Amino acid sequence: MTSTLDTARLGDGLREQTAGLARAVAGRAPDTPVPTCPAWPLRTLVGHVGQEHRWAAALVRERRRLAVPDPREARPGGPDEWDGWLREGAEELIRAVRETGPGTGVETFFGPRPAVFWLRRMLSETGVHHYDAALATDSPFDIAEDLAAEGIGETLGLLAAPALRAVRPEVAELRGRGERIGLRPSSARAG
């Protein structure tokens, strides 16, 4: 589960996807339904992302397990505060990884990993939720090719991790029973 991108690019990518999410939710009603997260209105989605960035930053700084926060308890403020709140959380995580050291061992769902694990994990998570927000608000969605490839690689790496069954058994079921996944790029450069 290693990244193809360096720490600086992962941080820049987190900033890009956080900014995209913030644009997608700007001026939107907090109770807007999110079809891809059917139990959550837009406010909970925003709360979840900003809360996860802060939680991951605390994991990196404290280097110990912390309880997973409940997204319904997040306090992102009103829609006019979402942009700043989201960006502040992303910067907090980027700063925590930089100050702790990207290679410093920290706790993860899969045991100790380098701190940069959380930067990569939150980049993927934020990219997915940026898409969720864009779909919910009929906003444009864009992700750089290197970040999209990184997200796919990160997700497939998590699915293949033997420890996933203990952490998220329902997600581990996505591995199937010998089936194969085929991916085809759709960019103009695909050949």
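**Helix packing and aromatic contacts in the predicted model**

Thr100 is buried, with a relative accessible area of 15%, which places this residue under the 20% limit that defines burial. The values reported here are computed from a predicted model. Thr100 belongs to helix α3, which covers residues 82–100. A polar atom of the Thr100 side chain lies 2.8 Å from the backbone oxygen of Ala96. When neighbours within four places in sequence are left aside, the contacts of Thr100 are with Val60, Arg61 and Arg63. Just after α3, Gly101 adopts a positive phi of about 105 degrees.

The length of α3 agrees with expectation: its 19 residues should span 27 Å at 1.5 Å a residue, and the end C-alpha atoms are 27 Å apart. Besides Thr100, the buried residues of α3 include Trp82, Trp85, Leu86, Gly89 and Ala90. Leu93, Ile94, Ala96 and Val97 are also buried in this helix. The elements covering the buried residues of α3 include α1, α2 (42–62) and α4. One of these buried residues, Trp85, has Arg54 over its face, at 4.2 Å from the ring centre.

Helix α5 (residues 145–160) contains 16 residues. Its first and last C-alpha atoms are 23 Å apart, close to the 22 Å expected at 1.5 Å a residue. Burial in α5 involves Leu147, Glu150, Gly151, Glu154, Leu158 and Leu159. Viewed down the axis of α5, the buried residues fall within an arc of 165 degrees and therefore line one face of the helix. The cover over the buried residues of α5 includes α1 (7–25) and α4 (116–137), together with α6 (164–167) and α7 (169–172).

Aromatic pairing was examined next. A pair of aromatic rings is described by the distance of the centres and the angle of the planes. Six aromatic pairs are found in a search of the whole structure. For Trp55 and Phe109, the ring centres are 5.9 Å apart and the planes stand at 35 degrees, so this pair is tilted. Because Trp55 lies in helix α2 and Phe109 in the loop between β1 (105–106) and β2 (113–114), the pair ties together parts that are 54 residues apart in sequence. Trp55 is buried, with a relative accessible area of 9%, whereas Phe109 is partly exposed at 33%. Phe117 and Trp118 form an edge-to-face pair, with 5.1 Å from centre to centre and 85 degrees between the planes. Phe117 is buried, with a relative accessible area of 10%, and Trp118 is buried, with a value of 1%. Ring pairs join Trp55, Phe109, Phe110, Phe117 and Trp118 into a cluster.

Ala8 is located in helix α1 and is exposed, with a relative accessible area of 52%, a value over the 50% limit for exposure. The C-alpha atoms of Ala8 and Trp55 are 20 Å apart in space, and the two residues are 47 residues apart in sequence.

Definitions and conventions: Residues are numbered from 1 along each chain as its sequence is written. This is a predicted model: local features need pLDDT of at least 70, side-chain atom pairs count only at pLDDT 80 or more; totals for chains, interfaces and linings use all residues. Side-chain values use heavy atoms; hydrogens and water are left out. Helices (H or I, at least four residues) and strands (E, at least two) are DSSP runs, numbered from the N terminus. Buried means under 20% relative accessible area, exposed over 50%, partly exposed in between (1.4 Å probe, protein chains only). A polar contact is a pair of N or O atoms within 3.5 Å; within protein, one must be able to donate a hydrogen and the other to accept it, and residues adjacent in sequence count only if both atoms are side-chain atoms. Contact means heavy atoms within 4.5 Å. The expected span of a helix is 1.5 Å times one less than its number of residues. The arc is that of the directions from the helix axis to the C-beta atoms. Rings of Phe, Tyr and Trp (its six-membered ring) pair if their centres lie within 6.5 Å; planes under 30 degrees apart count as stacked, over 60 as edge-to-face and the rest as tilted. A charge sits over a ring if NZ of Lys or CZ of Arg is within 6 Å of the ring centre and within 35 degrees of the ring normal.
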